[in-house]
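Here is a short note for someone opening this entry for the first time. Please keep the 3D view at hand while reading.

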Amino acid sequence: MAFSGKVKRIGVLTGGGDCPGLNAVIRGVTKPAQDYGMTVFGIKDGFEGLVEGKASELRNEDVSGILSRGGTILGSSNKGDPYHWPVMKDDKIVIMDKSKDALKNYEAWNLDALIAIGGDGTMHICNKLSKLGMNVIGVPKTIDNDLEATDMTFGHDSAVYVVSMALDRLHTTASSHHRVIVVEVMGRYAGWIALNGGLSGGADLILIPELPFIWEKIYDKILERELMGKKFSLVCVAEGAKPKGGSLVTKGRDIKRTDPIQLGGIGEVVARRIEENTGRETRVTVLGHLQRGGSPTPFDRILSTKFGAFAIDLAAHKKFGRMVALKGSEIKNVRIEDAISKQKLVKPDNQAVFTAKAVGISFGI
Ligand code: F6P
């Protein structure tokens, strides 16, 4: 909404799935606010709070001590898309457009701008809300790291750390028992968590959505390792990985969400096939939401804090419709509209793929 006065009242919300670093952004937004003469309102439970009118002022003391805390003090929801709002009618879920309610609350709270911290889905909503007349600034988060417009999203490094630690631990037990251990990690349609986690945790095989695998290549790698005296193997598989010509393994659908597909289960499938075709004892560990919980790594704390501080500075300068982004080692900003146009996927010639292959990691291709 164009206006000539000073930006005084800012709303902040965290949308979509949580990840480590959200609180650090909220702190990074709120602490500098008083230097700009601004008041910050924390909107509860993502866009749900914007539609239902749940918000309260965030003061310095509310954000003190939250830098290292995982989750989000504001709460989040990945079912609160104002344009895809599930309502029960005659025992059936009906999807409604509640964007007018969101705008009504934005105006009732006299907000001059809204800082929305979220992933791909959140940025799509931000883009539509901008067109509706709200002054929106986006802050990209996701453990999946699948936003093209930023070199890194915060949360990713923390998730990779969990995968890396898990692989270290599984390495010792796999080795003692001469087993194959398959570790299923998150990431949706992108293989960044599996790639970076597998590389840092020394996986023997990494299976990612972008490089559909061939079953025989997996068995060959495990048996080849045995010939070299390595009687165990670690397989790091992304939840979105699939065999060449095969399809995604899903565990359900949730029509309340904009993307209803719930991924999960490929780890079990891979483990079963390995055991059946190599005769080697195989186990599975699904890391699931461990990758989203807990304290952010130092990298994520720094990135989140910078993102927060830059977002409020953008608001002060009325640079609306923009998303903060990491480009190299600098924080820049890009148009939200451009930011959502492309998903960042692992390219076959990515340096991490090259490096993994160079040190003997197989992608099963
Ligand atoms: O986008 C983040 C993410 O953790 C994905 O990696 C995963 O597929 C999904 O969210 C899980 O969502 P939920 O928390 O709804 O199970």
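The points below cover a sheet, a helix residue and the nonpolar cores.

1. A caution before the details. This is a predicted model.

2. Strand β2 (residues 39-43) runs antiparallel to β3, and 4 bridges join the two. One place to check is Phe41, whose bridge partner in β3 is Glu57.

3. Next, Ser304. This residue sits in helix α10 (residues 298-316). Is Ser304 buried or exposed? Its relative accessible area is 0%, under the 20% cut-off, so Ser304 counts as buried. The Ser304 side chain reaches the backbone oxygen of Gly21 at 3.3 Å. Beyond its sequence neighbours up to four places away, Ser304 touches Gly21, Ala24, Val25 and Phe154.

4. Then the largest nonpolar core, with 79 residues. Ile115, Ile117, Val139, Phe154, Ile218, Val270 and Ile274 touch the most other members. Domain 1 (9-154 + 296-328) and domain 2 (157-293 + 347-358) each supply at least three residues to this core.

5. Take Ile117 as an example. Leaving out residues up to four places away in sequence, its contacts include Val12, Leu22, Val25, Val139 and Phe154.

6. Finally, there is a second, separate core of 28 residues. Among them are Tyr83, Leu114, Ile336 and Ile340.

Definitions and conventions. Residues numbered from 1 in each chain as written. Predicted model: local features only at pLDDT ≥ 70, side-chain atom pairs only at ≥ 80, totals over all residues. Heavy atoms only, no water. Pairing = 2+ DSSP bridges. Buried < 20%, exposed > 50% of the residue type's maximum accessible area, 1.4 Å probe, protein only. Polar contact = N/O pair within 3.5 Å; in protein donor to acceptor, adjacent residues only side chain to side chain. Contact = heavy atoms within 4.5 Å. Core = buried A, V, L, I, M, F, W, Y, C linked by side-chain atoms within 4.5 Å. Domains from an automatic or database assignment.
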